[in-house]
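Colleague: I've got this model open and I'd like a close look at a single part, the place where the two chains meet. Could you walk me through that, and then through what lies around it?

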Amino acid sequence: MLTINNVVKHRGNQEILSGVSFKARPGRVTGFLGPNGAGKSSTLRILLGLDRATSGSALIDGVPFAELQNPLATVGAALDGFGAHRMRTGRAHLRWIARAAGLSHSRVEEVLEIVGLTNVAGKRVGTYSLGMGKRLGMAAALLGDPEILVLDEPVNGLDPEGIRWIRTFLRERAESGKTVLLSSHLMGELAETVDDVVIINHGKVVADGTLEEVIGNHSTLEEAFFALTSKNNGDGV
Amino acid sequence: MSVSSSRKTTRILSAELDKLITMPLIWRTFVATFIINLVLTAAFTSASLQGAADTKSVLNIGLASMIYLQAGFIILGILATCSEYTGGQVQTTLTTIPWRGLQLISKHLALAVFTFPAALVITASGVLYTVLMMQDTVAGIGINTMIQTVVGAAGYLTVTTLLSAAVGALLRRTTPALVVLLGYYFIVSPLMSDFLPRVHNYFPDAAGAYMYMETFSNEVKVLTPMQGTGIAVGWTLIFMAIAIVFYRKRDA
């Protein structure tokens with residue numbers, strides 16, 4: 001269970017997050033939606049202990065990320081960018097992560113196979129396309145076979161086959177009781193993947209509920225999204 | 001599953017070593033430093049081939065390139081920490097190893113494990129080259145003195161690398177870190193040695209030089225090798241401590 005509780009984040013004089021609260025539950029795929037600059041990545045970075053909240057808390061199974069005993073086996077995270085130095089090979093990148101978590105080299109080969117990067121694993125990350133970089137990020141997130149996945153814009157840059165693969169993969173993870181939180185600005189893709197939806201705009205949560213609840217009287221999630229985000233500082237669902 | 005803290009520390013240290021040895025830029029820096037040092041040593045040796053030589057003069061010539069050689073190790077230290085900020089690697093590092101203080105200390109330890117043998121190879125090769133080229137003129141070589149001096153020089157280069165890594169961790173970007181450190185070692189420090197010679201002895205590079213120059217330098221010595229080592233290591237620990245405090249407080 002991921003619990004974001006009244007998180008506020010200031011950067012300089014600007015308030016980036018203004019009391020963001022929501023939960024991502026086990027066995028569900030939770031979509032975290034919002035326009036660019038709404039505060040999605042900032043929220044995820046605070047959840048993962050990368051950035052510090054000005055106030056409020058972001059907890060993983062009741063504890064902050066930095067207090068997890070075995071982070072890689074608890075949370076798999078893939079944020080924007082490749083998360084790897086461009087001069088290192090994809091395989092070398094995954095191997096140092098595996099070594100830090102006490103995992104074997106055979107597990108590295110397994111995740112390379114899962115994400116379809118085995119053939120290019122010996123090439124430098126700098127030669128990877130955006131889609132390949134996303135797959136490398138997914139491979140790193142899956143290394144510890146974690147109970148929770150936190151993915152920032154996971155389908156961005158993937159080809160249609162990759163998008164279908166990730167959709168099926170995430171659904172299977174949730175159906176086996178695991179927690180999936182993913183951010184996206186691609187409504188169509190999200191509507192086919194998620195169970196719950198949280199919409200954020202200008203650093204505030206403007207909707208939080210099941211997919212059906214958030215869509216409400218609108219014909220699609222996209223319609224609901226635009227209706228909710230066009231009302232500046234609108235009330236939550 | 002709970003992991004014992006010693007096991008966790010060993011894993012993190014191994015991972016940081018893995019990062020270093022799988023980074024082509026680190027090896028390129030090492031090889032380039034090795035080659036440039038040999039070329040400089042060859043030039044200094046060939047200019048000094050006239051007349052009789054002793055252990056002192058062999059070490060003086062073999063380590064004459066130290067002032068330039070340290071630039072390679074400064075770059076090595078900066079690369080070790082600033083490379084985290086290329087391609088968003090620091091995000092992966094901190095979601096894999098969220099214990100920031102332990103992670104940064106492990107990175108410095110791994111860097112020391114890599115750097116000391118590398119520095120030993122480079123300094124020993126320079127001195128060995130000088131010995132081989134001057135063997136006809138040299139009037140007896142003190143092996144123990146040579147080993148002691150080469151180990152001291154490798155220690156100095158390791159301490160310089162760690163200090164550079166700490167400054168790199170503070171500044172997070174390669175170019176500003178290079179400007180600050182090369183500016184200090186090649187402009188500010190030499191100027192200070194002229195204007196404030198007494199105070200300058202307590203600066204990290206000047207104090208660190210006492211780690212290896214005791215046996216051959218004819219300059220007036222203000223510190224003992226142990227005092228020099230202590231001051232240079234002290235500076236490095238201070239910068240490491242500041243880097244850790246900032247690393248723990250700042251957003252990644």
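Modeller: Let's start with the contact itself: 33 residues of chain A are in contact with 28 residues of chain B. Bear in mind that this is a predicted model. On chain A's side of that contact, the elements giving two or more residues are helix H2 (71-74) and helix H3 (90-100) of chain A. H3(A) supplies the largest share of that side, six residues. Sorted by class, the side of chain A that touches chain B has 20 nonpolar residues, along with seven polar and six charged ones.

Now for the nonpolar core. The largest one holds 146 residues, and the members that touch the most others are A:Leu47, A:Leu94, A:Ala139, A:Leu143, A:Val150, A:Ile199 and B:Ala166. The element that gives the most to this core is H7(B), with 15 residues. If you click on A:Ala139 and skip its neighbours within four places in sequence, you'll find it in contact with A:Leu94, A:Val111, A:Leu112, A:Val115 and A:Leu117. A:Leu94 is itself on that list of members touching the most others.

Over in chain B, follow H7(B) to its partner. Helix H6 (residues 100-133) of chain B packs with helix H7 (residues 143-171) of chain B at an angle of about 140°, and their axes are 8 Å apart. The crossing of H6(B) past H7(B) is right-handed. From H6(B), the residues taking part include B:Leu104, B:Leu111, B:Phe116 and B:Val127, while H7(B) brings, among others, B:Met146, B:Val150, B:Leu157 and B:Leu162. By class, this contact has 16 nonpolar and five polar residues, and no charged ones. Among the residues meeting there are B:His108 and B:Thr115 of H6(B), as well as B:Thr158 and B:Thr161 of H7(B).

Back in chain A, there's a sheet to look at too. Three strands make up an open, antiparallel sheet in the order E2-E1-E4. Its edges are strand E2 (14-24) and strand E4 (55-60) of chain A, each pairing on one side only. On average, neighbouring strands are turned by 20° against each other, direction ignored. Helix H1 (residues 40-47) of chain A packs on this sheet and touches E1, E2 and E4 of chain A, with its direction making about 115° with that of E1(A). As for the strand pairing, eight bridges join strand E1 (residues 2-11) of chain A to E2(A), and the two run antiparallel.

Key. Residues are numbered from 1 along each chain as its sequence is written. Chains are lettered from A and ligands numbered from 1 in the order in which they are written. This is a predicted model: local features need pLDDT of at least 70, side-chain atom pairs count only at pLDDT 80 or more; totals for chains, interfaces and linings use all residues. Two residues are in contact if their C-beta atoms, placed from the backbone, lie within 7 Å. Helices (H or I, at least four residues) and strands (E, at least two) are DSSP runs, numbered from the N terminus. Ala, Val, Leu, Ile, Met, Phe, Trp, Tyr, Cys and Pro count as nonpolar, Asp, Glu, Lys and Arg as charged, and the others, Gly among them, as polar. Axes are lines fitted to C-alpha atoms, for helices over the stretch in contact, and angles run from 0 to 180 degrees between N-to-C directions. A crossing is left-handed if the near helix is turned anticlockwise from the far one by less than a right angle, and right-handed if clockwise. A nonpolar core is a set of buried Ala, Val, Leu, Ile, Met, Phe, Trp, Tyr and Cys residues joined through C-beta atoms within 7 Å. A residue is buried if 20 or more other C-beta atoms lie within 10 Å of its own, exposed if 12 or fewer, and partly exposed in between; C-beta atoms are placed from the backbone. Two strands pair if DSSP finds at least two bridges between them.
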